[in-house]
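Trainee: Could we go over how the labels for this structure come about? I'd like to see each value next to its cut-off.
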Amino acid sequence: MRKFLRLPLFVAALMALSCNANRSGYDAEGYFEASEVTVSAEANGRILYFDLEEGCNVEAGQMLGCIDTVQLYLTKMQLLRSSESVLSGRPDISSQLQAMQEQLNALEKESERVASLLADGAATQKQMDDLVSQITVLKLQMDAQKTALQNSVSSIDARNSGIEMQIAQVDDQLSKCRIRTPVSGTVLTKYAQAGEFAAVGKPLFKVADLAHVFLRAYVTSGQLSRLSLGQQVKVYSDYGKGSSKEYAGTITWISDRSEFTPKNIQTADERKNLVYAVKVSVENDGLIKLGMYGGVKF
């Protein structure tokens, strides 16, 4: 009699296992990820301070630390002094020619006076010719002097321009000593500490925008016809033991190449090995964690 009672229990167990083997109703499953940025050092030197902790939120452009800048600062001061020294020798063309201009004005007035006397017969033509010759010579001297001064100014300006370019290079190097985050988000990993020596290219920290996450899911070729960029879908974060939460999602990317199904990802048709990856954008309320599994319904 007991053998017959066990048969219904055995059938019920098989049905339960069969139900568990079925999918949870998602069209596709995947894992949540975010756009991660690894920030590396852009200068060599000791890290003077690094005010950063894993899990803290940062804003784009926020200064989080600084690498030693003493030598660069001294170099900039030296270049500024050199620039001042070069500019001190820059001639003032108008003041340099002022004396010659006054002399020219006097000769022109004398020329007018002699011309008036010549008309009255009180002066000779030689006097007039001598004044005209002096005025011509003085003008030629002024033109030559002006050209020489302009060449001197151009040469000094060119030298100073080269120094200014060097100062700009030092300013750029100084700015790279300031550790800033290029994006807003949450610090995932901190790779360096204050007091350590930083080298160009050494990773300092990793930051990700956890407010805007993506579900990377995998679909079969048969599902592609149902998908399009910008399509609104339903995304579910899976917390295990049947617990999940629904979010609104938008398809932002569909792969144009097929790939093999990852071992830890299920698809709507388990017999399909080749699948296509899609990304679904989701606004995170803080409950979705990176690497968490989720599902999507089209």
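Mentor: Start with Val170: leaving aside neighbours within four places in sequence, Val170 is in contact with Leu72, Thr75, Lys76 and Leu79. Contact here means heavy atoms within 4.5 Å. This is a predicted model, where local features need pLDDT of at least 70, side-chain atom pairs count only at pLDDT 80 or more, and totals for chains, interfaces and linings use all residues. Residues are numbered from 1 along each chain as its sequence is written, and side-chain values use heavy atoms, with hydrogens and water left out.

Trainee: How far apart are the C-alpha atoms of Val170 and Thr75?

Mentor: They're separated by 7.6 Å, though the two residues are 95 apart along the chain.

Trainee: Why is Val170 called buried?

Mentor: Buried means under 20% relative accessible area, with exposed over 50% and partly exposed in between (1.4 Å probe, protein chains only). Val170 has 7% relative accessibility, so it counts as buried.

Trainee: What makes the place of Val170 a helix?

Mentor: Helices are DSSP runs of H or I, at least four residues, and strands are runs of E, at least two, numbered from the N terminus. Val170 sits in α4, residues 125–176.

Trainee: And how do you know that β3 and β5 pair?

Mentor: Two strands pair if DSSP finds at least two bridges between them. β3 (residues 45–50) and β5 (residues 63–67) have 3 bridges, in the antiparallel sense. Tyr49 has Cys66 in β5 as its bridge partner.

Trainee: What joins β3 to β8?

Mentor: 2 bridges, again antiparallel, with Arg46 opposite Phe197 in β8.
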